[in-house]
Amino acid sequence: MIKHTHSLLLPLALLVCTPQAHAQRLPAYLDDTQPLETRVEDALSRMTFAEKIAVIHAQGKFTSPGVKRLGIPDFWCDDGPHGVRADVLYDSWTQAGNTNDSVVAFPALTCLAATFNPHMAAIYGHALGEEALYRGKHMMLGPGVNIYRTPLGGRNFEYMGEDPYLASRIAVPYIQQLQALGVSACVKHFVLNDNEADRHTTNVIVSDRALHEIYLPAFKAAVCEAHTWGLMGAYNLYRGYHNCHNPYLLTDLLKGQWHYDGVVVSDWGGAHNTEQAAKYGLDMEFGTHTDGLSVDAPNAYDKYYLANPYRDLIVSGKMTDKELNDKVRRVLRLFFRTSMNRHRGFGSLCSEAHYATAEQIAEEGIVLLKNEDHILPLRPSHVKRLLIVGENALRLMTPSGGSSKLKAQREIYPLQAMRRRLGSEMQIDFARGYLGVMEKRGETEAFLEGKDEKRPAAQLVSEAVDKARKADVVVIFGGLNKNKHQDTEGSDRESYSLPYGQDSLVNELVKVNPNVVFVNISGNSSAMPWAKKVKAIIQGWYLGSQAGEALTRVIAGDVNPSGKLPYTWYAQLNDYPAHALHAYPGVKTQDGKQVNEEYKEGIYVGYRWADAHKVKPLFAFGHGLSYTTFRLSKLQADKTALTAADSITFSLDVTNTGKQAGAEVVQLYIHDVKSSVDRPYKELKSFRKVYLQPRETRRISLTIGRDALSYYDPTIQDWKAEPGKFEALIGTASDEISSRVAFTLK
Ligand code: BGC
């Protein structure tokens, strides 16, 4: 071993001084002027069998080995997707207690999707990449692009909503900008991991059309457009195979049809079988518990499915090294793109620029759902006494929620920001109103103030009601939090209602004060039986470090809201197709080992269901108000008919008809007038966020191609566009279509 190191280092040291020799004698794998595949083949040819086995599985919680002898560094990944997670101990989930791993917490991905602005995704990816570089990470475990199928889904907050087109448009720039810095993305969780209940044992049964039209497009865009270098297999099963080693999904589709050249990483503990992992597409195994008892054991990593058991299969001749070499090639590609990438910079951490990015995204993603009598923004001329109610005005949301939890250098909570911004203009009082579960998760407390609250619920309500009587306006910060059975990994919600008696709190408050505003902090919709009784509702997401600041700026009118709902917000749980059809959760098999979950709604997810079954949601997909008003007019198409190879462009005027600068999201949906198969009434195929000064008009255009007219035909296992009549529907929400134009596909 020592000999080897010598023989490599000595010539290298000499080479530094002699450029000609450098060009001649630098091994190809170290020479980044060589094509990637040349470097890969060269490194592969130099690796021993043991080294090959080593690089395809973990050596710690978030690290896998490089090749020491060849000077290939260890590989480090980390969660993902809202910031760079604090370091855990090398071989345990306990936080390492480092003093240099605090970060900026960026808004949750639901908020990013709600910006309807790919540029926000690009600056998100860039800022996150810089933080990852500084923290020495080679791969970020994210973004997540699973689909919002049920509002009970515990991890919806980490995903990009219900629409495959929207999720694709947001995921691509995030990945591209992250990877432009030499930090790999790891798009997750491939695929059909759309709820948390029984996530390790659920076998999803879904039609081919729904799989390809709803659940796969964002992954496909990540692979084929953004060229992600990493992708994480999901915990659940499809066609009876776990998705971390799934012959159809990984071998045939991803690596076959989509020509994916990156790595498939297992979700942590998502590998279950050596032979399947070897054959069916897994390249890097992480998080497996290996002592058989689900606790960690010394040298557990040697027992990983892709460690000694795989080695033994090959040594005994039961398998050749064909699959192994393919895996190692992929891992080497990843190394050359990241850890061996000499163009990687050093990044930066907690810079003001990152805070500004986090805040800008938060401000663009906040959705104004309702604003009766223009109660918002709050004006000091009208509001002298402001009462703030609700635990979420105090609660820190970044330290919990599962793997996306963060050790944020700062998290400005709403009460703090409201006092700071409005305290000199209004008299501000606070009443907690309800008490959530005081669960301490991770190493950080959820409260900087108010952590010792012990008063009974009735007292909290009566205090809020008494104070509300004397206030001009009441702003409630409620919603969910990151506790178990709320917005968190590992469990789904148990109810569609808001927890901790919030419904009765709101009902009591509206009795004594007509001016109630509800700010809903969550990554999910909830029942709001009192929605008509409050004046305004804001969807406030989980906004990260600048949460309170961004919300306050919208409430105070410093920012004009422009976010749009990335999912359909139904009034009741049973309005969601998965619940209407009793297709969630799954049904346990007789042996109790597996749960079959049939996606009976097929392609009719979200607004597609609302259209098909005339269910009026409480708030529609794409809905979001502004403090100004907009008009869309003069819609025109550049042609009346297109051929398969063509594209068609729609142009229209967008006018800000109000008195304030603001932004509107123009949404283009396609309606197939006559089809031989069942199709949703309309599907989002383009959108554009337009910023306008008061009275300004801008003409914008949106172009679509044949792919926007296609559906997945399972009989040919491909996309197909049927000639005939189509309509482009243009509007500002899925239920606000203001004009349409017809055209034909020849
Ligand atoms: C989660 C992943 C995460 C991984 C590592 C798993 O439990 O499902 O999303 O990246 O843990 O923390």
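## Briefing on a predicted protein–ligand model

An oxygen atom of the ligand is 3.4 Å from an N or O atom in the side chain of R85; a polar contact is a pair of N or O atoms within 3.5 Å, and within protein one atom must be able to donate a hydrogen and the other to accept it, while residues adjacent in sequence count only if both atoms are side-chain atoms. The protein covers 95% of the 310 Å² of accessible area that the ligand has on its own, with areas taken from the Shrake-Rupley method with a 1.4 Å probe, where for residues only the protein chains shown count as cover. This is a predicted model, in which local features need pLDDT of at least 70 and side-chain atom pairs count only at pLDDT 80 or more, while totals for chains, interfaces and linings use all residues. Residues are numbered from 1 along each chain as its sequence is written, and side-chain values use heavy atoms, with hydrogens and water left out.

**Ligand surroundings**

- The ligand is surrounded by 14 residues, of which D79, R155, H189, D267 and E489 are the closest; a residue is near a molecule or strand if one of its heavy atoms lies within 4 Å of it.
- This shell divides into 5 nonpolar, 2 polar and 7 charged residues, where Ala, Val, Leu, Ile, Met, Phe, Trp, Tyr, Cys and Pro count as nonpolar, Asp, Glu, Lys and Arg as charged, and the others, Gly among them, as polar.
- The side chain of H189 has an N or O atom 2.7 Å from an oxygen atom of the ligand.
- For E489, a polar side-chain atom lies 2.7 Å from an oxygen atom of the ligand.

**Helix 18**

- Helix 18 spans residues 547-556, and because 8 of its 10 residues are buried, the helix is largely enclosed by the rest of the structure.
- Buried means under 20% relative accessible area, exposed over 50%, and partly exposed in between, with a 1.4 Å probe and protein chains only.
- Helices (H or I, at least four residues) and strands (E, at least two) are DSSP runs, numbered from the N terminus.
- The buried residues of helix 18 are A547, G548, A550, L551, T552, V554, I555 and A556.
- These buried residues pack against helix 14 (352-365), helix 15 (414-422), strand 14 (473-479), strand 15 (516-521) and strand 16 (536-539); contact means heavy atoms within 4.5 Å.
- After helix 18 comes G557, which has a positive phi near 85 degrees.

- An open sheet is formed by 5 strands in the order 9-8-6-18-17, with mixed pairing; two strands pair if DSSP finds at least two bridges between them.
- Its edge strands are strand 9 (241-242) and strand 17 (587-588), each of which pairs on one side only.
- Strand 17 pairs with strand 18 (residues 595-598) in the antiparallel sense over 2 bridges, and V587 stands opposite N596 in strand 18.
- In strand 2 (residues 75-79), 4 of the 5 residues are buried.
- Strand 2 runs antiparallel to strand 1 (residues 63-64), to which 2 bridges join it, and W76 in strand 2 is the bridge partner of T63.
- Strand 2 also pairs with strand 3 in the parallel sense over 3 bridges, where D78 stands opposite M140 in strand 3.

- K370 is located in strand 11 (residues 367-371) and is buried, with a relative accessible area of 13%.
- A polar atom of the K370 side chain lies 3.4 Å from the backbone oxygen of K532.
- Not counting residues up to four places away in sequence, K370 touches A531, K532, V534, K535, A536, I537, F619 and L625.
- S633 belongs to strand 19 (residues 630-637) and touches L652, D653 and R699, not counting residues up to four places away in sequence.

**Backbone features**

- Most residues other than glycine have a negative phi, and most peptide bonds are trans.
- F116 is not a glycine, yet has a positive phi of about 50 degrees; F116 is in the loop between helix 5 (109-114) and helix 6 (118-134) and is buried, with a relative accessible area of 0%.
- H485 is likewise not a glycine and has a positive phi of about 65 degrees; H485 sits in the loop between strand 14 and helix 17 (502-512) and counts as partly exposed at 29% relative accessibility.
- G142 and P143 are joined by a cis peptide bond with omega about 0 degrees, and P143 lies in the loop between strand 3 (139-141) and helix 7 (164-180).
- The peptide bond from Y584 to P585 is cis, with omega near -15 degrees, and P585 lies in the loop between helix 19 (577-580) and strand 17.
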